[in-house]
Amino acid sequence: MNLLSVLLIDDNESQLEVLAGFIQKLGFRVATANSGESGTCYLQNNYIDLVITDFKMPGINGIQVLEQVKAINPDIEVMLITAFGTIEDSVEAMKKGAWDYLSKPIDLEELKIKLHKLANYKNLQKENAILQARIDNKFPTTKMVYKSRAMDEVMNLVARVCDSNVSVLITGESGTGKEMIARAIHHSSLRANHPFIPVNCAAIPESLFESEFFGHEKGAFTGSIKRRLGHFEVSDKGTLFLDEVADIPLNFQVKLLRAIQEKEFQRLGSSQFIQIDTRIISATNQNIEKLVKQGRFRSDLFFRLNVIPVVIPPLRDRKEDIHLLAEYFIEKYRKINNRSIESISKEALDKLTKYHFPGNVRELENLIERAVILSRNTHIQKEDIAISDSDLPVFSTSTRLEERVEELEKQLIQKTLKKTGGNKTAAAKILGISERVIRYKIKKYNI
Ligand SMILES: Nc1ncnc2c1ncn2[C@@H]1O[C@H](COP(=O)(O)OP(=O)(O)OP(=O)(O)O)[C@@H](O)[C@H]1O
Ligand SMILES: [Mg+2]
């Protein structure tokens, strides 16, 4: 169980000490403040689950603390300590969103029960958020986040192919959202109530393709102790998603093509033909047309799969999506990790926008998840984004060839020097220039 972190606010020093000691003994983390002002100030920079505050204090009172806490982060719970007999105060506090109240004199046993109850609740809340995120991850049909024109066009095409049964081949770099699109097509198609079966073709050992796709009867081969249905049969009336399709071995490609064309197949060890009605969506991050030219992928299968090609542009070519996606992932991981991050600073966003994202949206998602967990601020700062400066281009937006070439030159020299630990002779050698030239350039570019 996760233990709560508690902030205790009370102007009465001796009561503050007693309560803090007691709560600490229960195993919770405690911070203390002797006024509402210093308490809410502490909250701006520290993560807290629960605020316990006295009602009557000089300066801002308990209700005002409650209001300010909820304004800072509505997920923080507040418990008010009210004087004996002032039931109206407690009612007002509860109405304004307090989690609970304690009346003086404080019954420590009661406090203990209330704290444990809240801890349980908070844990449950977190588990639910994780579960929800897993479901969202499994069926991310409604969550394609984008605003770029390029993605608009992709989604437009996707919307038009949903209702037909044509094969779709989705290509794009790793992490661009190919599987998401495949699921989106399935879930918006008439097949949505039937299975979506994703198959990672890169993960299947060559000898197992046939039994994986067509299934087998009991005793079809050594080790087949019972009948097993293959991907084709399981995806009947639904969609079969051939992920990493370029990795299907040539000898199985023939059999796959036949099954798709004839809409029927035989289980291994059976002579009976089974009819299927399956839609095929495939995806790859390889240049499959090149593989066809090289004879490593059958052209007839390629044409069959590639009736509608959907090409997802890399994130670096649709930088307009970065901000929106970043906000979306902040919200997602803020909830899962119970953090009070609200947004991203301009500098951090600038850093993301400059980056070339070889891992595309997945990489952005990982960067944000990490930043949300590690950031100490309400806004993600530049330093929270784990991209090293050497991975950022120093490009200006200049379109002048000479300037761009110079920028590139500077960058290359910097990188090489880093590699050689600052050794100019070695760097010059790697770059194929003389020591005199490298010295000159270092000076020129102020490296
Ligand atoms: N437009 C988007 N909106 C929201 N999330 C996205 C978007 N594009 C991608 N993602 C997220 O990025 C991650 C990678 O997406 P996905 O698995 O679909 O990519 P992929 O192209 O199949 O990657 P790979 O080639 O590595 O298999 C997922 O967590 C997905 O939820
Ligand atoms: Mg994928």
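The legends below walk through a few close-up views of a predicted model. Local features need pLDDT of at least 70, side-chain atom pairs count only at pLDDT 80 or more, and totals for chains, interfaces and linings use all residues. Residues are numbered from 1 along each chain as its sequence is written, and side-chain values use heavy atoms, with hydrogens and water left out.

**View 1. Backbone contacts to ligand 1.** Here, look for polar contacts (pairs of N or O atoms within 3.5 Å). An oxygen atom of ligand 1 lies 3.1 Å from a polar backbone atom of Gly-177, and a backbone N or O atom of Met-180 is 3.0 Å from a ligand oxygen.

**View 2. A salt bridge across the sequence.** Asp-75 pairs with Arg-334 in a salt bridge, their closest N and O atoms 3.5 Å apart; the rule asks for a side-chain nitrogen of Lys or Arg within 4 Å of a carboxyl oxygen of Asp or Glu. Asp-75 sits in the loop between helix H3 (62–72) and strand S4 (77–82) and Arg-334 in helix H13, so the pair ties together parts 259 residues apart in sequence; helices (H or I, at least four residues) and strands (E, at least two) are DSSP runs. Glu-331 and Lys-335 join these two in a network of salt bridges.

Conventions. Chains are lettered from A and ligands numbered from 1 in the order in which they are written. A polar contact is a pair of N or O atoms within 3.5 Å; within protein, one must be able to donate a hydrogen and the other to accept it, and residues adjacent in sequence count only if both atoms are side-chain atoms.
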